[in-house]
Amino acid sequence: MISRRTFLGSVSAVCAVGATEASALSRIVHGSRANDTANDPASLVDIKIGTGGHGHTFPGATLPFGAVQLSPDTYNDEWDWCSGYHISDTSIMGFSHTHLSGTGCGDLLDFLVMPGTGESKIVPGPRSNPDAGYRSRFSHDDEHAEPGFYSVLLKDYGIRAELTATERAGLHRYSFATGQDAPKTGHIIVDLEHSYAYNGKSAVVTASLQQLAPDTLAGGRTTKAWGDGRQIYFTMKFSQQPSRIVFYQEGVEVPAGTQPLTGKSLKCVLFFDLAHNPVILVKTGISGVSAESAGNNLKVEIPAWDFEGVRRSAREKWNQQLSRISITTENETHRKIFYAALYHASVGPSLFDDVDGRYRGMDKQIHQLDKGQRNYTAFSLWDTYRAAHPMYTLMSAERVPDFANTLIRMAEQSPDGMPVWPLQGCETGTMTGYHSAAVIAEACNKGVAGVDYERAYKVMMKRAMVDDIRGLGYYRSLGYIPSDKEEESVSKTFEYCYDDWSIAHVAKKLGHADDAKMLVARSRNYRNYYDRSINFARPKLANGEWATPFNPIDLGVSKNWRDFTESNSWQATFAIQHDAAGLIEILGGQKDFLIKLDELFNQPSTLPANAPPDIAGLVGQYAHGNEPSHHIAYLYVYAGQPHKTQARVRMLMETMYAALPDGLQGNEDVGQMSAWYIMSSMGFYSVDPVSGNYIFGTPLFDRVSLQLGRGRQLEIVAHRKSASDQYIQSVSFNGKPYTRSWFNHRDIVNGARIVFEMGPKPNLEFGSKPEDMPPSLVLEGA
């Protein structure tokens, strides 16, 4: 199994720059507070949150779920630069058109553009000596980031760089210095060798570059990094005709007229006369299909040179997306964190098709979408099935059919079957399980129309019943995966249990009752790992014996591999999402379960030396910085003590998120870390997403209005005397008293109003009766 860390290798260079980041944030130029209104929620977004620490987000220009992410690259190697940017840096290599948001692996950074003056250079140079290459120093004092727009002053050249974007195209504006002493000529380098590094070198396998017209370049490349064999293409136009262009192939200047060029290292430098116009615009269309198709994307989406018009359009699209949830609060810190989270949760998955409906599939072939359909990529499924995708069913429901149909097409086209972590036509295979099944099944169980569930069921059942990969054969034959036969055996089994549970919902919906019954029964395979003598989930050998030596803080018992995926036994013991009642029973019943759950949060936060940095945000052995822990604080509700969930969740919201670049405990993970905060701050969370059940936590805001689409609204109101009142005293649902500690998607999908009465002390009666607790392992429609 490829984990985020095994892909990247050593993380010895992980930086610790908290103080630097806090200082940098205080200097960043923000959007005008004069526009801080309900009509301009983009003004509330602090994009820099997550660009420091291990957040791995980028500050550049993109649209909601857009294909282009036009952003500065400050470095292109090592773990904390998976997005190409880290706020601790003081120089910029240039501006590339594709970036990953919050991932634990790096890739992309396609088609770098960098303006300059003076001597032209064709290498970026190191951060320690920017003068050795084309990179430039910059200051956060001169940096501005807002949804759909980014700007920075390149200090070494005196050039103001501004970026904005449409869905499939990026637009640059470079304003060179003016005045008597200003340079009369300038240049722009286009570097196709630049990429996120693979084993310390460029990931480019082969590239092509040619000049289509005096003001137009086109080309593409194939890379081998996280995505093996990824293909991406571009067409790029300049607002001024260059006075000359110099092309380089493998570091050597090539004579004019020797085009098109092919090779691993292709670059060109375009020279411009600035005497009459010191402003140069560059617009770039991208495509996974061809350079010609990239040119068509560019022609359709940015037909003119109207930078301000494109910027305004980007702002409008972000305001439309961000206005889907509005909050009322007097706490500015909470507001900033919320809108940064809402922004980041709307960056990915990202569009991966062309304006004519063509796209490159997982079989590397070109396919045609039906009219009105869209294709997406960058599904961080091991993370996002937990809260991000449930959130999309609420606030971006119109995208859910395309998300689900994309995953179905991927499963049919890919030689690897059901998607695990797909990236631009490649299956990275990163992380465990195949939670595309969970995302599709959730849509099915929530009644999302426009998805071909019959096709989905075929590919789901092939993976569940036929494929013999990653321990699935052992899972089916033994009911568990032996730790001496397969790495990460415990986590894989638990993930497969949840995928079985997911597919069972589709089976029931389609009338396959026997399949549903079998899958539900098999979803209880997790029980084979619980050692009741010590009340821990632990690895088991092929002969049925427990693997030794066992320590619950270790990631495994063997030196060959880990038995848990980015977690240990403490976290994995509580990893069961679909059968909390069964988990409570196997851990000794309600009383013993609650004691054990308290112990999780109260343990020393000691980890073994080989623990990955993903296991972060520790409260005892609870790790908020990584997804296996995200539902755990809500498990108290299943044991009749929701007040403990309320206290834990409020504590996590207050301590695990900050309005700082280093404001996230761990990677943002393409929306999941943000979605946890968004859902929890509204007062509920999806412990078992496929079931459609939401578990009450504690509302953070006085009022929330969530637009469900087609004029429907979920309104959440919290009455409290003090901002610190975190305990639910009572709930009313659509004006009627409500004693349950949970509700279902069907209860709100047509609009609803939930009112919480909050207080400073727990109401021990609320949610304590068995009939008021959430169900477990019950197949029913949402």
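Are Tyr475 and Tyr496 buried or exposed? I looked, and both are buried (under 20% relative accessible area, with exposed meaning over 50% and partly exposed in between; 1.4 Å probe, protein chains only).

A note on what I'm reading: this is a predicted model, where local features need pLDDT of at least 70, side-chain atom pairs count only at pLDDT 80 or more, and totals for chains, interfaces and linings use all residues. Residues are numbered from 1 along each chain as its sequence is written, and side-chain values use heavy atoms, leaving out hydrogens and water.

Next, the rings. I got 39 aromatic pairs from a search of the whole structure (ring centres of Phe, Tyr and Trp, the last by its six-membered ring, within 6.5 Å; planes under 30 degrees apart are stacked, over 60 edge-to-face, the rest tilted). Tyr475 and Tyr496 make an edge-to-face pair, 5.6 Å centre to centre with 65 degrees between the planes. Tyr475 is in helix α11 (residues 472-478) and Tyr496 in helix α12 (residues 489-509), so this pair ties together parts 21 residues apart in sequence (helices are DSSP runs of H or I, at least four residues, strands runs of E, at least two, numbered from the N terminus).

I also checked Phe494 and Tyr526: their ring centres are 6.5 Å apart and their planes at 85 degrees, so that pair is edge-to-face. Both residues, Phe494 and Tyr526, are buried.

Last, charges over rings (NZ of Lys or CZ of Arg within 6 Å of the ring centre and within 35 degrees of the ring normal). I found Lys596 over the face of Phe536, 3.3 Å from the ring centre. Arg221 has its charged end over the ring of Phe111, 5.6 Å from the centre.
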